[in-house]
Amino acid sequence: MRLILHNTQSSDIISTVEFNHSGELLATGDKGGRVVIFQHEEECKNRLQLRGEYNVYSTFQSHEPEFDYLKSLEIEEKINKIRWLPQQNSAHFLLSTNDKTIKLWKISERDKRAEGYNLKDENGRLRDPFRITSLRVPVLMPMDLMVEASPRRVFANAHTYHINSISVNSDHETYLSADDLRINLWHLEITDRSFNIVDIKPANMEELTEVITAAECHPNQCNVFVYSSSKGTIRLCDMRAAALCDRHTKFFEEPEDPSSRSFFSEIISSISDVKFSHSGRYMMTRDYLSVKVWDLNMENRPVETYQVHEYLRSKLCSLYENDCIFDKFECCWNGSDSAIMTGSYNNFFRMFDRNTRKDITLEASRESSKPRATLKPRKVSTGGKRKKDEISVDSLDFNKKILHTAWHPKENVIAVAATNNLYIFQDKIN
């Protein structure tokens, strides 16, 4: 892998990373409510070893801090999720959300401007009608390229709790949004109402035992979606069966091993992310210590389990005390569903090859941030004696964590958010 870009030139922490459907654009959202879009540049003929770098294409303020006067609550501007809509014309559209409000943005280019108006002069001032003696036909003149981001829709006032997921449906007309207790279905053209499709709020909140942690639409069946819970379970729902999907169609849960039960079992079994494979046959879930791949036709156990950082099992007590045990790591598939990636601590991220069952630990760091620098695999030692290239589990930095990652839909290019730095790595070209 080679590093081709780092540092977003922003002091704020990156809170989401997302490639568009072609991989040409990469969007990041941060805690300051900003969205930064990077564009893949064409290959340089003099440097054929590089596929072309990602450079800043557009930056705009998506959300502002708000205050809910009825509940005396501050609503952060932090971008929780970004989702691209499939491209229909020359413009690009994306959905971005903070805790309460979802916005649809249009990103378009302008490289021509109209000149020669009849009622306005070249500076835009209105001309005296009595001095207009001839009719002019305005002409389009070339100008410097401008990228404009304009808000097209605002979807608000539908969530009592914090929005943790948005997912665009395969019908390209609807999308769902999920908070701790409810999932809503929206039409992209209608902003003043949504349809509540899941509601797990109990009549008495003291009876609440689990919350929704993530939700996603199936990639090619517009009636199917899944949502995960803090109890480590996943429910698959079919909107054809009932309007309110409180009764699931399938229920995925791995039986717990009683011998390994501890005080932390319930916390670390909570699922922080769920993602369908591109094929729609599998789904992947991330809990605190592992990534699991499920076959949609088998509910009783996952078909694959990958340990992300098993060496932290002995550190759960201190991770509980510093609140790291509640960190929500995301996971992603590569374009062919043959490999998966997720983050860890110390700016480590893990990649698993599903065919060979091989795995690798890599580090996103400024030391390896020179262009075309090769990343070296990292190993964590848990025993007494430590080899030369290994890092001791006791010296891991838990403040450096990679929660958000994204994989190019067609190529071996990945984006890794390490606090306030964005790293983009690409496969080595021989």
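Modeller: Of the 430 residues of the protein, 49% count as buried. This is a predicted model, in which local features need pLDDT of at least 70 and side-chain atom pairs count only at pLDDT 80 or more, while totals for chains, interfaces and linings use all residues. Residues are numbered from 1 along each chain as its sequence is written, and side-chain values use heavy atoms, with hydrogens and water left out.

Biologist: What makes a residue such as Thr28 count as buried?

Modeller: Buried means under 20% relative accessible area, exposed means over 50%, and partly exposed lies in between, with a 1.4 Å probe and protein chains only. Thr28 has a relative accessible area of 3%, so it is buried. Thr28 lies in strand E3 (residues 25–30); strands are DSSP runs of E of at least two residues, helices are runs of H or I of at least four, and both are numbered from the N terminus.

Biologist: Which residues does Thr28 touch, not counting residues up to four places away in sequence?

Modeller: Contact means heavy atoms within 4.5 Å. By that criterion Thr28 touches, among others, Ile14, Val36, Phe38, Ile82 and Leu422.

Biologist: Why is Gly343 called buried?

Modeller: The relative accessibility of Gly343 is 0%, so Gly343 counts as buried. Gly343 lies in strand E25 (residues 339–343). Its contacts, leaving aside neighbours within four places in sequence, include Arg286, Phe329, Phe349 and Ile402. Gly343 and Ile402 are 59 residues apart in sequence, yet their C-alpha atoms are 4.7 Å apart in space.

Biologist: Why is strand E21 described as largely enclosed?

Modeller: Strand E21 (residues 282–286) has 4 of its 5 residues buried, so it is largely enclosed by the rest of the structure.

Biologist: How do you know that E21 pairs with strand E20 and with strand E22?

Modeller: Two strands pair if DSSP finds at least two bridges between them. E20 (residues 273–276) and E21 have 4 bridges, in the antiparallel sense, with Val274 opposite Thr285. E21 and E22 (residues 290–295) have 5 bridges, also antiparallel, and Tyr282 has Asp295 of E22 as its bridge partner. Both counts therefore meet the requirement of at least two bridges.

Biologist: What lies between these strands?

Modeller: The hairpin of E20 and E21 has 5 residues between the strands, and Gly280 there takes a positive phi near 85°. A hairpin of 3 residues joins E21 to E22.

Biologist: What makes the phi of Asn157 worth noting?

Modeller: Most residues other than glycine have a negative phi. Asn157 is not a glycine, yet its phi is positive, at about 60°. Asn157 lies in the loop between strand E11 (139–155) and strand E12 (165–168). Its relative accessibility is 81%, so Asn157 counts as exposed.

Biologist: Why is Thr419 called partly exposed?

Modeller: Thr419 has a relative accessible area of 30%, so it is partly exposed. Thr419 is found in the loop between strand E31 (413–418) and strand E32 (421–426). Its phi is also positive, near 60°, in a residue other than glycine.

Biologist: How do you know that the protein is as compact as a globular protein of its length?

Modeller: The protein has 2 helices and 32 strands. Its radius of gyration is 24 Å, close to the 22 Å that the globule rule gives for 430 residues, so it is as compact as a globular protein of that length. The radius is taken over C-alpha atoms, and the rule is 2.2 Å times the number of residues to the power 0.38.
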